[in-house]
Amino acid sequence: MTRIVLYEDHHFAGVDALWQSVFPDDPPRNNAAQSIPKKLAERDELFFVAEDHEQAVLGTIMAGWDGHRGWLYAVAVRPDLQRSGIGRQLVETAMAALKQRGCNKVNLQIREGNEEVAAFYQSLGFEIEPRTSMGRRL
């Protein structure tokens, strides 16, 4: 049985391994050692882990809320468990937490050409919006 819980320190090794498996091309600034301490410093309780009865990490999701828009990040499910409903549970949990905070719109970004992931989010009611994503490293 899968349950969705708030991230705790004992999840770190499992999250790190999961992200390395699911996001092998991510830059170092997105790795667990960099991202998790920064997320926990926010103290917003918007970092969720899917775990089994032995507390093994099956999936993750980070959400963000700035008072204007909600965001979803680091949505990952162990490859052998993808298409099992864990991703849906994670997204629904994060969106419920955002809604409870007053959020009325959630955004996310996926890499161009990742049609399988786009289809997953479309099945959850997300729509592709005509936007240009811009970024700048600080």
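Tyr 121 is buried, its relative accessible area being 8%; buried denotes under 20% relative accessible area, exposed over 50%, and partly exposed the range in between, with a 1.4 Å probe and protein chains only. The model is a predicted one, in which local features need pLDDT of at least 70 and side-chain atom pairs count only at pLDDT 80 or more, while totals for chains, interfaces and linings use all residues. Residues are numbered from 1 along each chain as its sequence is written, and side-chain values use heavy atoms, with hydrogens and water left out.

A pair of aromatic rings is described by the distance of the centres and the angle of the planes. Rings of Phe, Tyr and Trp (its six-membered ring) pair if their centres lie within 6.5 Å; planes under 30 degrees apart count as stacked, over 60 as edge-to-face, and the rest as tilted. The structure holds 5 aromatic pairs. In one of them, the ring centres of Tyr 7 and Phe 47 are 4.6 Å apart and the planes lie at 5 degrees, so this pair is stacked. Tyr 7 belongs to the loop between strand S1 (3-6) and helix H1 (12-22), and Phe 47 to strand S2 (residues 47-51), so the pair ties together parts that are 40 residues apart in sequence. Helices (H or I, at least four residues) and strands (E, at least two) are DSSP runs, numbered from the N terminus. Tyr 7 counts as buried at 10% relative accessibility, as does Phe 47 at 4%. Phe 120 and Tyr 121 form an edge-to-face pair, 5.0 Å centre to centre with 65 degrees between the planes. Phe 120 counts as partly exposed, at 27% relative accessibility.

Ala 94 is buried, with a relative accessible area of 0%. Neighbours within four places in sequence aside, Ala 94 is in contact (heavy atoms within 4.5 Å) with Phe 48, Ile 61, Ala 63 and Leu 72.

In helix H2 (residues 32-41), the buried residues are Ala 32, Ser 35, Ile 36 and Lys 39. Viewed down the axis of H2, these fall within an arc of 95 degrees, so they line one face of the helix; the arc is that of the directions from the helix axis to the C-beta atoms. They pack against H1, S2 and strand S3 (57-65), whereas Ala 33, Lys 38 and Ala 41 are exposed on the other side of H2.
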